[in-house]
Amino acid sequence: MPDTAVSPVITSRSESTGTSQANAGTGYERPAVEFRNIDIAYGKFVAVRDFSLAIPRGSFVTLLGPSGCGKTTILRSIAGLVDISRGQISIGGRRVDDIPIYKRNIGLVFQSYALFPHKSVFDNVAFGLKYRNVPKPEITRRVGKALEMVRLPGSEKKLPSQLSGGQQQRIALARAIVFEPEVLLLDEPLSALDANMREEMRVEIKKIQKETGITAIFVTHDQEEALSMSDQIVVMNAGMMEQIGTPEEVYETPRTSFVADFLGKANLLAGSVTASDGQNATVALKAGQRVSVVSPRPLSTGTDITIVLRPQKVQVGAGIENRLSGRVISASYLGGNVIYEIDIGEQTVIRANSQLVGKMIPEGEAIEIGFDPAGCVLLDETGSRVS
Amino acid sequence: MYDPRLAWMLVAPVLLLLIFFLLLPIAVMLVYTFFTFVTAGVESATVTLANWHEFLTDGYYHGFLLKTLRVGGMTAIICGILGYFPAYFIWATTFKHKWLLLLLLIVPFWISFTIRTFSWIHILGEQGLINVTLLKLGLIQEPLQMLYTEGAVIMGLLHFLLPYMILNVYVSLESIDRTLISAARSMGCTSAQAFREVTLPLSLPGLAAGLMLCFVLAAGSYVTPQLLGSGRDALFGNLIYDTIMGQLNWPMGATLSIVLFMVLGCFAAVYTRYMSMSQIVKGLGG
């Protein structure tokens, strides 16, 4: 299994102390951040359970999940803002369980920007440097450089309240990276921005992360943000890790029905196997139709199975495989694309996002759809992927 | 749609209230300052500057005014120092029932202010709690003179004003976004440094407002010095009382009232202007 809940890189287990600077470039360096079997509890409520993860240096890792899944708690535990009740966290190979927050050398960006309202932009950005005893001329130079990086040069004298939300968040980003922290933690930094600004900032954050080569851990509940920015996505649910993988892996081959549903509103079609060989399986859907799908292994007849089908993989029109006929219950025109919701019987509704060819099929009309047998993923009765 | 008539109608009740119960009485007082004092209880409407002349030339009044400002200032500063800590404690505590702590601050207001002031007589007096205890323990031979001193007056004022200060500071602390403190800590501040960099400066507007409030209330107080001070510890308010009720000299009493009103009003205006309270508020993005 390529995407089990263990570290995506091979980590050295040597407990050598001393320098936290790992030699960059080699494949076997220490992970920038490593969690080993951590639990985090608030009183009796266990927010995170048995979480292990190693984050390679220089990578952009996203913790993705619905609110209350523990993603922010994990982020805060790296910063030392919440205590872990079991396990250990290392930053750059150094255990930080007993290291107070102010000595951890991490950069934090908050959803609410958290700029000091009584300090100028310069003083805000210079803050971390001041507490690292950087000489004054050097502070001025580095603040200037950081402001250039976030494309707000010359804004040193302004107060945060004189800036727009997007500008404030860019200052917050500059403030978090100016002292070259070991890891940059981003706690839903785009959620407070309006839609246009969000997209711009998404690109900007990613660009800056690449330029500086800083290890970034990003928390979000927005799957689009996660898919577009990350090297690795960790999908979280109810305090546990559901899946870890590249954006493509988690999107194309979800390991559980939760992941399938959370990322991009997949169609989950229930059915049971009627025939199967090593490559293909025939599935009788609850709605009555028979479809054929590619199966990674032979399945026994009668097994309950769920077909995960992305709306983009649903084809509209005649002359295609796995033909299903239904009725359009809603059609949303999105310019080049149309999103149909199609009732195929027995209260089964399929969402199709297809390129518009010719005329849009209006609500209430009959429609023919189908999908490629290889264009879907199968989940067994426990909700885990058949592999 | 914006209709200016509607706006006027909405403020009219308050406006009328302010005109008839605040501005008009003050205007009447102002007119009285130019009346002529004939004899106790009698004045004539002959316009004169005699009252103002007397106030401006007689050092007796100036002494009272300066003393009042000094006592008010001292009370406000002590209030600020003593009040900040409980406010910070209530804000920072993880105790679940914070409202209870805030309620405790308000509980004293359930008892009449005069009675609360009287209670100090039983604590500070010659036969009071402290003196009796110290005498019984043999630590002193003679009762200490604590009551009817300036110290007793300031003590009484502190007792009365501390809740105002604590609530003011608490409110401004409560308005601080706590992620700012997390942010400061993550950038290398210890708790103490984060307090100095973030919490303290951002709570200053509350402290400043509390100082102003305590100063004005202390400088305008009358009951506390009357009950806990000797004749020498009287404040300007007592002087006004004495002029009006004792000497029955209403024109002079009105003059002194207007003086206190103007002095404290000017203080408040200059203070808000130059202590950059509005500046701080602006900085908070308010």
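Modeller: Strands of a sheet pair through backbone hydrogen bonds, either parallel or antiparallel. In this predicted model, strand β4 (residues 86-91) of chain A is joined to β5(A) by two bridges, and the two run antiparallel. Strands (E, at least two residues) and helices (H or I, at least four) are DSSP runs numbered from the N terminus, and two strands pair if DSSP finds at least two bridges between them.

Biologist: Which residue of β5(A) is the bridge partner of Ile91(A)?

Modeller: The partner is Arg94(A).

Biologist: What is the strand order of the open sheet?

Modeller: The four strands follow the order β2-β1-β4-β5 (chain A), with antiparallel pairing. Because β2 (45-55) and β5 (94-95) of chain A stand at the edges, each with a single partner strand, one side of each has no neighbour in the sheet.

Biologist: How many residues does each chain give to the contact between chains A and B?

Modeller: Residues are in contact if their C-beta atoms, placed from the backbone, lie within 7 Å. Chain A gives 19 residues and chain B gives 17. On the side of chain A, β6 (106-109) and α2 (121-130) are the elements that give two or more residues.

Biologist: What confidence does chain A have?

Modeller: pLDDT is the predictor's confidence in each residue, from 0 to 100. Chain A averages 85, and 92% of its residues score at least 70. Over residues 1-27 of chain A, however, the pLDDT is below 50.

Modeller: Residues are numbered from 1 along each chain as its sequence is written, while chains are lettered from A and ligands numbered from 1 in the order written. Local features need pLDDT of at least 70 and side-chain atom pairs 80 or more, whereas totals for chains, interfaces and linings use all residues.

Note on methods:
Two residues are in contact if their C-beta atoms, placed from the backbone, lie within 7 Å.
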